[in-house]
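Below is a short briefing on a model of protein chains with DNA strands.

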2 protein chains.
Amino acid sequence: MLNSASPIPLYHQLAERLFSEIRAGRYPPGSRLPSEHELAETFGLGRPTVRQATAALIQRGLLERRRGSGTYVRSVPAQVDLFSLAGTLMSFEAQGIALASELDRPRTETIDEAGHPLQSREAVRLTRLSRVDGEAVLLEEIDFDAERFPGLARLVRKDRALSDIVEQHYRMRPESADQSFRVVTLPRPLAKRMGLAAGSAILRVDRTLHFALAPSAAFARMYCRTDRFAFSQRIGASHA
Amino acid sequence: MLNSASPIPLYHQLAERLFSEIRAGRYPPGSRLPSEHELAETFGLGRPTVRQATAALIQRGLLERRRGSGTYVRSVPAQVDLFSLAGTLMSFEAQGIALASELDRPRTETIDEAGHPLQSREAVRLTRLSRVDGEAVLLEEIDFDAERFPGLARLVRKDRALSDIVEQHYRMRPESADQSFRVVTLPRPLAKRMGLAAGSAILRVDRTLHFALAPSAAFARMYCRTDRFAFSQRIGASHA
DNA sequence: GCAGTAAAGTTGTCAATACAACTTTTCCAA
DNA sequence: TTGGAAAAGTTGTATTGACAACTTTACTGC
């Protein structure tokens, strides 16, 4: 069940296993996990290793420890950490939510929009609509500086994280981002696309991404339905 | 130097000590800390305890570990005030414009709200309404665990930052927070208070504050008008 | 039946140790 | 002088053991 010869640490293997068991409903929300001692016994591990595993899931907001009582599956609805620069697919994956995305064919065009960081530059525009259980929850329009990301249009795949492509193909990682939050009424064509009534209020997040040698090289506009999921963010006391 | 008889855990004492030494400049940004073995020796602790201490500071973004090399001080970013939305989100238009705030008299009550981290506990509730140019743009309800912050109700002043009170009187600092964003229709009494039509769509940010030895000890619910002021923030890449 | 107490169970903290994996330094040989 | 290998140093992972602090359960005496 756990492979101690694997290069993947045991605590990580255990965390993944517990995660999938929680997702599978073996430990429903609010229920208590087996005690640390018991888990250690079951998997042939030491208690510190078990604690390291559960600590990772606590960090992800899935578990909660109560001293003297036990370790419990949190019953609060999933918080998708969408606003922390971790990547859209990743943040849903971390909560065990199956995301079905459709990606429009990338278009290359010259940006002509006031306030856009790529104003009057060539950009590759990706539009991605993501659904959970068939219901549209997120529409993203992402513009990449065409000069900084040559050939991007041919690289994108429906189920490949954009952050992966940027990381592996261009060797670039966003270092920071500016983002702003606004409640807007959804433009008619987008409302139709998302299957919402025209004029629905929705959360729009505009994010400008900064890379090491290329500040403001990408811009993302995200329309988020917040009635279905709580989109969240983890912030530290000290921040960039 | 470290007191093992104290109810405060040794790892926390060490973390605080390292934190103040870093802040005092003993370990400047980019410099290497003494090795874990060395720290353990110096303070008469085991290495796991030392690691627990540095782990807390890594969590806070102050340190960084490099395998095989050492533990290093990160160039420390600016501190943000997690107690107010203005401390973490800044308005483009309102930058440089004074926010006029009015603070209600604190009330102590038992929380009975699903999903609230202080559920069924006693809490001190502060309500703060902020205006720009006489127009209400932000309504904040901040709940503190009454047990963790005894006497808080008598300490709050309009012109004194909550972070100062908590820091100086309770010796606590929020280490991190997570917050979720939702578009909601404003409850009638609050709509009236903010001078908006009942049923207006507004951005609601729910933030849970985490302290070193008291996770989720405070909760803030913030209602933001984003029609006239776009709330924006700068975020850094996560240092996981 | 009930309250109070004891016992058992569970997480929190900490020590000491060991080996693995990686980085940096040192040193030797070409 | 330089390249490469060895050695030393450092963090990563993991075990075992122990006690403290807290919660829940069980039991006992009334």
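In chain A, the C-alpha centres of domain 1 and domain 2 lie 33 Å apart. Domain 1 covers 10–73 and domain 2 covers 79–231, with bounds taken from an automatic or database domain assignment. The model is predicted: local features need pLDDT of at least 70, side-chain atom pairs count only at pLDDT 80 or more, and totals for chains, interfaces and linings use all residues. Residues are numbered from 1 along each chain as its sequence is written, while chains are lettered from A and ligands numbered from 1 in the order in which they are written.

**DNA strand C**
- Around DNA strand C there are 20 residues (C-beta atom, placed from the backbone, within 6 Å), and A:Ser35, B:Leu10, B:Gly46, B:Thr49 and B:Gly68 come nearest.
- Two or more residues each come from helix H2 (36–43) and strand E2 (70–73) of chain A, and from helix H1 (10–23) and helix H3 (47–59) of chain B; helices (H or I, at least four residues) and strands (E, at least two) are DSSP runs, numbered from the N terminus.
- H3(B) gives the largest share of this surface, 3 residues.
- By class, the surface near DNA strand C has 6 nonpolar, 9 polar and 5 charged residues, where Ala, Val, Leu, Ile, Met, Phe, Trp, Tyr, Cys and Pro are nonpolar, Asp, Glu, Lys and Arg charged, and the others, Gly among them, polar.

**DNA strand D**
- Of the 20 residues around DNA strand D, the nearest are A:Leu10, A:Gly46, A:Thr49, A:Gly68 and B:Ser35.
- The largest share, 3 residues, comes from H3(A).
- The surface near DNA strand D divides into 6 nonpolar, 9 polar and 5 charged residues.
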